[in-house]
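Reader: I would like to learn how to read the contacts in a model like this one. Please take the features one at a time.

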Amino acid sequence: MVAARDLYRSSQRERTPEARGRKLLREWLSPAQRETFDAYGYVDVLGSESGQRYRIYYGSISNIRELNEKDDPVAGLCFAPAAALPPGDVMLAQKIVLENDESRALAIANRFHSTSPPIQVRNAHRAR
């Protein structure tokens, strides 16, 4: 009975919008990106036109960092779909647009000075 209850609870957690968004994101990642995402909660992508490296952290707002040649953050970017979506869906949209239409992404993005990961990521690492 306990095993059946645990299985039911597990399947219910996997049906949430956040779990479905995370699953869809993982399906679109390369094996190397998936490994990085699972280990660190971010995905590195290359801009389609400039070849610029971007790091997309798990989240929905102010979660993108432009990286220098040493993989240090040098600027932050914020853009997302107009609809309220789970973080995995937002990250997937950000990944697709940066990899396929970088200039459009940069045209709509709010750019800000940042040399560190997003606050929620820094706090998550402190909790470990």
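Author: The term requires a side-chain nitrogen of Lys or Arg within 4 Å of a carboxyl oxygen of Asp or Glu. The model is predicted, so local features need pLDDT of at least 70 and side-chain atom pairs count only at pLDDT 80 or more, while totals for chains, interfaces and linings use all residues. Residues are numbered from 1 along each chain as its sequence is written, and side-chain values use heavy atoms, with hydrogens and water left out.

Reader: Are Asp-101 and Arg-104 buried, partly exposed or exposed, and how is that decided?

Author: Buried means under 20% relative accessible area, exposed means over 50%, and partly exposed is in between (1.4 Å probe, protein chains only). Asp-101 is partly exposed at 25%, and Arg-104 is exposed at 57%.

Reader: How many salt bridges does the rule give?

Author: The count is eight. One of them joins the side chains of Glu-27 and Lys-23, at 2.8 Å from N to O. The two residues are four apart in helix H2, which means that about one helical turn separates them. Helices (H or I, at least four residues) and strands (E, at least two) are DSSP runs, numbered from the N terminus. Glu-27 is partly exposed with 48% relative accessibility, and Lys-23 is exposed with 54%.

Reader: Which parts of the chain does the salt bridge between Arg-53 and Asp-71 tie together?

Author: The side chains of Arg-53 and Asp-71 meet at 2.9 Å, N to O. Arg-53 belongs to strand S2 and Asp-71 to the loop between S3 and strand S4 (73-78), so the pair ties together parts 18 residues apart in sequence. Arg-53 is partly exposed at 28% relative accessibility, and Asp-71 is partly exposed at 28%. A network of salt bridges links Arg-53 and Asp-71 with Asp-44 and Arg-55.

Reader: What is the order of the strands in the sheet?

Author: Strands of a sheet pair through backbone hydrogen bonds, either parallel or antiparallel. Here five strands make an open, antiparallel sheet in the order S1-S2-S3-S4-S5. Strand S1 (42-46) and strand S5 (110-112) are the edges, each pairing on one side only. On average, neighbouring strands are turned by 30° against each other, direction ignored; axes are lines fitted to C-alpha atoms, for helices over the stretch in contact, and angles run from 0 to 180 degrees between N-to-C directions. Two strands pair if DSSP finds at least two bridges between them; S2 (residues 53-57) and S3 (residues 64-67) are joined by three. Ile-56 has Ile-64 in S3 as its bridge partner.

Reader: How are aromatic pairs described?

Author: A pair of aromatic rings is described by the distance of the centres and the angle of the planes. Rings of Phe, Tyr and Trp (its six-membered ring) pair if their centres lie within 6.5 Å; planes under 30 degrees apart are stacked, over 60 edge-to-face, and the rest tilted. The count is three pairs. Among them, Phe-37 and Tyr-58 are tilted, with 6.1 Å between centres and 50° between planes. Phe-37 sits in helix H3 (residues 31-40) and Tyr-58 in the loop between S2 and S3, 21 residues apart. Both Phe-37 and Tyr-58 are buried. Tyr-40 and Tyr-42 are stacked, at 5.8 Å and 20°. Tyr-40 is partly exposed at 46% relative accessibility, whereas Tyr-42 is buried at 16%. Tyr-40 and Tyr-42 form one aromatic cluster with Tyr-57.
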